[in-house]
Amino acid sequence: MGHEGRLTEQPAEVTAVATAFSRLLRLDGVWARGVTFREHAVVVTVTLRRRLLHCPECCFSTSARHDARPVESSWRHLDLGTRRLEIRARLRRLACPSHGVRTEGVPFARAGSRFTRDFEDLVGSLATTADETTTRRLVRIDWDTVGRIIVRVMDDKLDPDRLEDLFEIGVDEVSWRRRHKYITLVSNHQKNQVVWGKEGRDTATLDAFIDELGPERAGHIAAVSMDMSAGYAKSVCKDGHSPGALICYDPYHVVALATKALDVVRRQHWQEMRRADELGARQFKGARWCLLKNPENLDQDRRLPYGDCAVLAAPSGVPTA
Ligand SMILES: [Zn+2]
C-alpha cells in the first residue's frame with residue numbers, strides 16, 4: 001500500500017479496527033487506540049490498561065508519576081504478513097526506591113528491549129533450531145541484536161533453582177568452528193535439563209561450575225557421567241568438590257575401547273592360527289563382524305568362529321559381547 005492513512009478521521013471505523021487489532025495482537029495489558037498503515041509497516045498505538053506505574057526492573061509499583069513528561073516508546077512485534085508491526089505507547093516515569101527514576105515497564109516487553117516479548121521468544125526459539133543466516137533472514141535483524149535478545153530470553157526463562165538438588169549430573173563437551181572452540185555443558189540427569197555451560201573443556205572449566213555450586217551442593221553430587229578425558233574427572237575428585245561421586249563413563253566410549261581391544265586380540269589369535277591351522281585361520285579371519293554382534297543375534301552358521309574366539313579372548317579380559 002503506497003499511501004499512509006491514519007484511521008482517526010472515522011471514529012466508528014477506528015474503534016472497530018482498533019478492537020480487531022487488540023484481539024489480533026494479543027498483547028498483555030493494553031488497548032489498541034489507533035492503527036496506521038505504511039508502505040512496509042503497520043503502526044499500532046496502544047495505551048496501558050493499568051493505572052499503577054511499575055518499575056521495569058523489580059516488583060515495585062506506585063500511583064505517583066515522577067513528572068508529567070511523557071516518554072514516547074516503540075517496540076517491534078511479530079510481523080503482520082510481509083509488513084513489520086510496530087507498537088507505540090506513551091509511557092510515564094516513576095521513581096523506584098531501588099532503581100531510581102525509570103520509564104515504567106510494560107507487560108508485553110522485557111525491560112530495556114525494543115522488541116515485544118512474543119518477538120523475542122520467537123527469536124530465542126529460532127536460535128535453538130536454525131543457523132545464523134536463517135534466523136537473521138527470517139526475523140530481519142542483525143546477529144548482534146539476536147545475541148542480546150537471547151541473553152534477555154535466557155535471563156527471563158532460566159530456572160533460578162537449576163543448581164539446586166543436583167545428584168546425578170552429566171558433563172559434556174560440544175564443539176563449534178570445526179572443533180576449534182569448545183563449550184562444556186552440565187546437565188541434571190534426573191530432570192533431563194542443561195543447567196550450566198561455559199567455554200572451554202578442561203579441569204578449570206569444570207572447576208568454575210563447582211565453585212559456583214559451592215561445597216555444600218557439590219558434596220551432594222552422587223554420580224557424574226562424562227567422556228573418558230581426564231580433565232573433568234580431575235576436577236570432580238578435588239578436595240572440596242565431589243570426591244565421593246561415582247565417575248560414570250559414557251557407554252559409547254567404553255564400547256569403543258572394548259571393540260578396539262577385541263580387534264587387537266583377534267589379530268593376535270589369527271597370527272597364531274596361521275602358523276598352526278591355515279584353513280581355520282582363513283575361516284577365523286572373516287569373523288570380525290560376528291565378534292561384534294551379540295551371540296543370540298548370529299545365525300547358526302556363524303556361531304562357530306565366535307565361540308572359538310570367545311574362549312580365547314576371555315583370558316585377556318576382553319568382553320565377549
Ligand atoms: Zn525497581
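Strands are said to pair if DSSP finds at least two bridges between them. Helices (H or I, at least four residues) and strands (E, at least two) are DSSP runs, numbered from the N terminus. Within this pairing, Gly170 has Ser225 of E13 as its bridge partner. Helix H6 (residues 230-237) packs on the sheet, where it touches E10, E13 and E14. The direction of H6 makes about 165 degrees with that of E13. Here, contact means that the C-beta atoms of two residues, placed from the backbone, lie within 7 Å. Angles run from 0 to 180 degrees between N-to-C directions, with axes fitted as lines to C-alpha atoms, for helices over the stretch in contact.

Now for the sheet itself: five strands form an open sheet with mixed pairing, in the order E12-E11-E10-E13-E14. Strand E12 (193-199) and strand E14 (246-249) each have a single partner strand, so one side of each is left without a neighbour in the sheet. On average, neighbouring strands are turned by 25 degrees against each other, direction ignored. Helix H5 (residues 203-219) lies across E10, strand E11 (181-188) and E12, and runs at about 130 degrees to E12.

Stepping back, the protein has ten helices and 14 strands.

A note on reading the model: residues are numbered from 1 along each chain as its sequence is written. Because the model is predicted, local features need pLDDT of at least 70 and side-chain atom pairs count only at pLDDT 80 or more, while totals for chains, interfaces and linings use all residues.
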